[in-house]
Every structure is written in structure tokens, then in C-alpha cells.
Amino acid sequence: MKATLTRAIGGLFFVFFILTMFSLEAGFAAEKEDKPVISITPRLWYTNMNINEYNPSTTYQETWKHLNIPIYGVTIGFAPKSLKSTEFLLTVLHGTGNTQGTVVNANGNTTPATVDLKRHDLELLVRHKIAESGVYLFYGPRYFLIEFDATFKPGWTHDATNTNRLRFEETIILAQLGLGMSVPITKDEKHILFGNVIGGIGRIEDKVENRATSDSPDKKFTAYSVDVQMGYQLALTKGFSAHTRYRAVTIYDNSGDATVIHGPEIGLKFSF
């Protein structure tokens with residue numbers, strides 16, 4: 001086990017070294033040549049997630065402890081030579097977690113429960129720099145897939161499954177629009193503060209995967225989202241920078257429920 005861990009850590013350091021060397025070379029070359037820029041940003045977002053639910057038309061409700069989910073992934077950026085103020089950003093994130101809580105069904109019966117959760121996040125943003133300012137315009141789609149696997153105490157059954165197990169998926173599709181700003185705080189512009197506010201509107205669909213009855217039917221709602229970010233970036237060279245930020249995403253639906261996902265993030269950006 002230790003040998004495997006040592007090899008894995010050694011491999012990560014080797015990949016980090018190679019990417020750094022390429023990004024340093026590309027950064028120096030970019031000063032001499034006007035060419036498209038490709039960037040790779042590995043990132044880790046340690047999220048806290050609130051998934052509590054309450055249905056005012058029945059007694060059904062879910063009360064869960066906060067989920068702590070490390071979300072990891074990568075952003076790939078492409079800035080075409082012909083569009084000097086525009087960058088296309090594709091982000092892919094994934095994470096898993098579990099928690100405990102209580103559920104009250106439509107009949108008012110209460111049970112303790114555990115839930116395992118997987119989260120997948122896919123986002124494509126276009127970022128336009130407005131003139132020579134530090135202000136950016138963002139727009140593009142975002143897709144969430146959240147997989148829940150809940151287990152209740154033996155003998156307690158969920159309305160939709162007739163068992164003490166509930167597996168369902170929540171799909172969220174959003175169209176997003178927002179603004180961002182970056183401000184250098186030193187003359188050499190190596191230290192930068194930045195912030196983004198991005199709003200979204202779209203659809204939420206809940207689907208029970210192990211359904212056995214027609215009770216608690218699948219649902220579709222209109223979704224609204226707000227993504228607020230504030231952070232600091234250290235630009236070490238033209239081709240390599242590091243950032244840390246705090247990010248909070250709130251997703252509302254027209255039933256009155258809200259999901260809050262927030263936490264700190266770190267990332268390394270390699271530009272070629």
C-alpha cells in the first residue's frame with residue numbers, strides 16, 4: 001500500500017514538473033509570437049452541500065447533515081488568435097460523499113437514514129474581456145447530475161419503492177450569464193484579486209431509479225441559480241499561475257427548495 005502511494009505521489013510530481021516546464025517555455029514563446037493559447041487548470045473544490053427538502057403540500061421532508069464532498073476536475077481553456085479578448089472554458093468536475101439524517105414520509109412516519117451521493121458537473125463558458133478593463137462577461141450552459149442512494153432503517157418503506165432503499169437522480173440544466181472582475185494589487189501584476197457573479201435559469205428533473213409504485217411521482221421544476229466567487233491569483237510566469245477562491249452556488253426551484261453548495265477551491269493553471 002505504501003509503495004503504491006509513493007509511486008502515485010511520485011507520478012503526480014513528475015506530471016506537475018513536465019506541465020510546468022512546458023508552460024514556462026510556452027509563456028516565453030508567447031511573448032515573441034502572437035498565437036492561440038491553450039490552458040489546463042487542475043482544481044480541487046472542497047464543498048459543503050445542503051440537500052434538505054420540505055414539501056408544504058404534505059408532511060414529507062428530509063433533514064440531512066451537511067455533506068462534505070471534495071470535488072475535483074479540470075478546466076481546459078482555448079483563446080483563439082482571431083478573438084484576442086475571448087476565451088472558451090470547458091470544466092469537468094466529479095465528487096462523492098455520504099451523510100446521515102432523518103426522513104418523514106407522506107404518512108408522517110419518521111426514520112433515520114444514510115445517503116451516498118455522487119455529483120457530476122459539466123460547464124462550458126465563454127469569457128469576453130470588455131475593452132482593456134479588468135471586467136469580463138461570461139455566458140454558457142451548465143449541467144449537473146446528482147445521484148442519491150438513500151437507505152432507511154429495516155421495516156420502513158419509501159412510498160415510491162416499497163423498500164427501505166431509494167435511488168434517484170437529479171438533473172439540473174442551466175443557461176448562465178454573469179460578470180467578473182480582476183484587479184492587480186502589485187505593479188508587476190503577479191498578485192491579482194478577482195471575483196465573479198453568474199446567474200442561471202433552467203430546469204430540474206428528479207427521477208426515481210428503483211421505482212415500484214406510482215406514489216411520489218417524478219418531478220420537474222424551473223431552476224434558478226446564483227454562483228458567487230471571490231479569490232486570489234498568483235501569476236508566477238506568463239505560462240503558470242496558482243489560485244485560491246471561495247465559491248458558493250445556490251440553486252432554487254419553483255417548489256421552494258434550495259440547494260447550497262459552497263467551499264474553498266485551489267487550482268494550478270498551465271498555459272501553452
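At 12% relative accessibility, Glu87 counts as buried, a term applied to residues under 20% relative accessible area, with exposed denoting over 50% and partly exposed the range in between (1.4 Å probe, protein chains only). The model is predicted, so that local features need pLDDT of at least 70 and side-chain atom pairs count only at pLDDT 80 or more, while totals for chains, interfaces and linings use all residues. Residues are numbered from 1 along each chain as its sequence is written, and side-chain values use heavy atoms, with hydrogens and water left out.

Glu87 takes part in a salt bridge with Arg127, in which the closest N and O atoms are 2.4 Å apart. This pair links distant parts of the chain, since Arg127 belongs to strand E6 and Glu87 to strand E5, 40 residues apart; strands (E, at least two residues) and helices (H or I, at least four) are DSSP runs numbered from the N terminus. In total, the structure holds 11 salt bridges, each defined by a side-chain nitrogen of Lys or Arg within 4 Å of a carboxyl oxygen of Asp or Glu.

Two further salt bridges involve Glu265. The side chain of Glu265 meets that of Arg245 at 3.2 Å, N to O; because Glu265 lies in strand E12 (residues 258-271) and Arg245 in strand E11 (residues 240-253), the pair ties together parts that are 20 residues apart in sequence. Both Glu265 and Arg245 are buried. Glu265 also forms a salt bridge with Arg247, with the closest N and O atoms 3.8 Å apart, and this pair likewise links distant parts of the chain, Glu265 in strand E12 and Arg247 in strand E11 being 18 residues apart. Arg247 is buried, as is Glu265. Through shared partners, salt bridges join Arg43, Arg119, Asp121, Glu123, Arg142, Asp227, Arg245, Arg247 and Glu265 into one network.

A nonpolar surface patch of about 890 Å² is made by Ile38, Ile76, Phe78, Leu83, Phe88, Leu90, Val92, Leu122, Leu124, Tyr143 and Ile173. Two or more residues of this patch come from each of strand E4 (67-79), strand E5 (86-104) and strand E6 (110-129), and E5 gives the most, with three residues. Patches consist of residues with over 30% relative accessible area and no salt bridge, like charges being joined within 9 Å and nonpolar side chains (Val, Leu, Ile, Met, Phe, Trp, Tyr) within 5 Å; accessible areas come from the Shrake-Rupley method with a 1.4 Å probe, and for residues only the protein chains shown count as cover. Leu122, one of the patch residues, is found in strand E6 and is partly exposed, with a relative accessible area of 39%.
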